[in-house]
Amino acid sequence: MNSRKLPSEPRRVFAAAKAPSQQPSRVLVVDVTSPSWANTCSVLAEALENVLCLACGLAGACRVPLLSLYVVQPQQECLLPFTQVKENFARIQACISELRSLPAEGCFPQGGNGVVQAVQDGLQQFKQYSRHTAAGGSTNSSVEITVLTSQPSREMVKQLEKKLQDVDLVSLRRIQIIEVLKRDFLQPEDVEQCVAAEEPSSDMAILGMDIEVQTVEDNVISLEMLFKTWLHDHGTEREQLHLLLPSGSFGHAAAPKNTLMCLKCDLQERLLEPARLSGPAEGTGRAADPSSPWPSPALHKLRVLKALKSEGVCESVLYGLPFIIKPTSCWQLDWDELETNQHSFHALCHSLLKRKWMLLARHEPQNTGPNWNVVVHPYFVIIPSDSATLLVKAVASRELLLPSAFPTLLAEHPERVRGPIESALNSLEVEVAYNPLHLKSNLYKYLKSSLYKPPHRQQPQPREQRPERHQPRQPQSRAKAAVAPLLMAPSPLQTFRPATAARRGSCEGSLLPKEYEEFLQ
């Protein structure tokens, strides 16, 4: 089968998000003076390590370009200066191990302004790092700061408002104050709704910027979902999708037939693409395609052709990863236009849900130059939900469809056959809804083991391969002889120094079976 990728492949059409330089750097400030730090420490370290191994293992541009970590105990301490996340997982693991080893609760008094000092120091550190790397062509110009604490968030916002009045905040995109709540009676595996970042949060306008205040439970899943928001696109410089609908005749009966209504939207990934994770699975060794970069600044256009009855769409003709469509939050649009666009989007979602319709749409070509003699049109279905979002999935066209025979289902079956089947089904546990948080694939363990690179140590050469000494050996004093082994011993800091070369071979591969990958192509 030809391995060339078709333009209709969803991940080629909707390479979601922005250019790498537009993903913000991250500063994480952890307040270890919290009374519940002993319980929070282990779950925080596990959640952070899980998400950062995903960020390191994803092919293409790193979605978390730079990371710095501070702890407040009660004075701030920088455990990790700004570090490129890619190719530095061993160093990040060492920092997380140090975080785990911090003393338990009660060792540090609460109070003080250590968190505010850490925020100020993080901003100053980013400013210095940006100046240092500007000569090398780096264009990363924004930073987001996340503060994890169990102190009342309102009080912390007041401290930030007071202390940051005279600080240059041009490079600061956002501050998140995450108040960690202790839930001893709630275990992570029992959490059904734990995506704290998707819950409504309160924003406070301070110093011309927004400070976002959220609450999150102190379990691995909740904190993991919080950190996974770092993997989303955070650029709001322009909208990513234009959804083109026929204007109809409402309000302008004499409008031309080809007049289109444009809803300006943003695209968001629902899932990480397994093929972009550097690790083999199911016996296949195919690597993720680096030529399909995750960020894409292109503006996509979907032209709605017709409506479909929801019960009339067969699941077997839908393929590829789904994307979520939301009304755009582009800051360059006028406020009135943003509000009108959002209301129109919500009206569309409500009407589709009420009518039980889906929409069939065609992806309009981005390049209509002379080199495009024949344009391949990918098609998609747009599916409503009971939320203010739409789901878009690729749908097969005539050229991709293979003949299939669907035999008629028999109405009656012999009891000797039906009995064992009914008994087997009755023994299964039945769940009302599928919750992916209940399933583990050991992907985190695999990525951590494959990304970890032990420190490089030079192997001793065989005696016969050692270069001959042409200089006569000088006599060595007794003091020098005692100090020499200490000087030759590796420094403890070298233990955590990451290798510079990327691991090849078994670390690269697809997490999808080869047959499914070929089907997508």
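This is a predicted model: local features need pLDDT of at least 70, side-chain atom pairs count only at pLDDT 80 or more; totals for chains, interfaces and linings use all residues.
Me: Among contacts between residues at least 6 apart in sequence, what percentage joins residues at least 24 apart?
Reply: That percentage is 80%.

Me: Turning to cavities, how many are there of 30 Å³ or more?
Reply: The count is six cavities of 30 Å³ or more. The second largest cavity has a volume of about 90 Å³.

Me: Which residues line the second largest cavity?
Reply: The lining consists of Val30, Asp31, Ser34, Ser36, Trp37, Thr40, Leu44, Leu148, Thr149, Ser150, Val180 and Leu223. Two or more residues of the lining come from each of β1 (25-31), α2 (37-57) and β4 (143-149).

Me: Which element gives the largest share of that lining?
Reply: Helix α2 does, with three residues.

Me: How does the lining divide by class?
Reply: Six of the lining residues are nonpolar, five are polar and one is charged.

Me: On to the strands. Is β11 mostly covered or mostly uncovered?
Reply: Strand β11, residues 318-327, is mostly covered, with eight of its 10 residues buried.

Me: In what sense does β11 pair with β9, and over how many bridges?
Reply: Strands β9 (residues 260-269) and β11 pair in the antiparallel sense, over five bridges. Within this pairing, Glu269 stands opposite Phe323 of β11.

Me: What about β11 and β14?
Reply: Strand β14, residues 390-395, pairs with β11 in the antiparallel sense, over five bridges. The bridge partner of Leu318 in β14 is Val395.

Me: Next, Arg26. Where is it found?
Reply: Arg26 is found in strand β1.

Me: Why does Arg26 count as buried?
Reply: Arg26 counts as buried because its relative accessible area is 1%, and the cut-off for buried is under 20%.

Me: Which residues is Arg26 in contact with, leaving aside neighbours within four places in sequence?
Reply: Arg26 is then in contact with Val64, Leu66, Leu67, Ser68, Phe82, Val143, Glu144, Arg174, Trp230 and His234.

Me: And Glu77: in which strand does it lie?
Reply: Glu77 lies in strand β3, which covers residues 76-84.

Me: Why is Glu77 classed as partly exposed?
Reply: The relative accessibility of Glu77 is 33%, so it counts as partly exposed. That class lies between the cut-offs of 20% and 50%.

Me: With which residue does the Glu77 side chain make a polar contact?
Reply: The partner is the side chain of Gln73, at 2.7 Å. Leaving aside neighbours within four places in sequence, Glu77 is in contact with Leu69, Tyr70, Val71 and Glu98.

Me: Finally, what separates the C-alpha atoms of Glu77 and Gly114?
Reply: The separation is 9.1 Å, for two residues 37 residues apart along the chain.

Notes
Residues are numbered from 1 along each chain as its sequence is written. Side-chain values use heavy atoms; hydrogens and water are left out. On a 1 Å grid over the protein atoms alone, a cavity is a set of points where a 1.4 Å probe fits but cannot get out, and a pocket is an open set with protein on both sides within 12 Å along at least five of seven lines; lining residues have an atom within 4 Å of a point. Grid points are joined across faces, edges and corners, and a volume is the space filled by probe spheres set on the points. Helices (H or I, at least four residues) and strands (E, at least two) are DSSP runs, numbered from the N terminus. Ala, Val, Leu, Ile, Met, Phe, Trp, Tyr, Cys and Pro count as nonpolar, Asp, Glu, Lys and Arg as charged, and the others, Gly among them, as polar. Buried means under 20% relative accessible area, exposed over 50%, partly exposed in between (1.4 Å probe, protein chains only). Two strands pair if DSSP finds at least two bridges between them. Contact means heavy atoms within 4.5 Å. A polar contact is a pair of N or O atoms within 3.5 Å; within protein, one must be able to donate a hydrogen and the other to accept it, and residues adjacent in sequence count only if both atoms are side-chain atoms.
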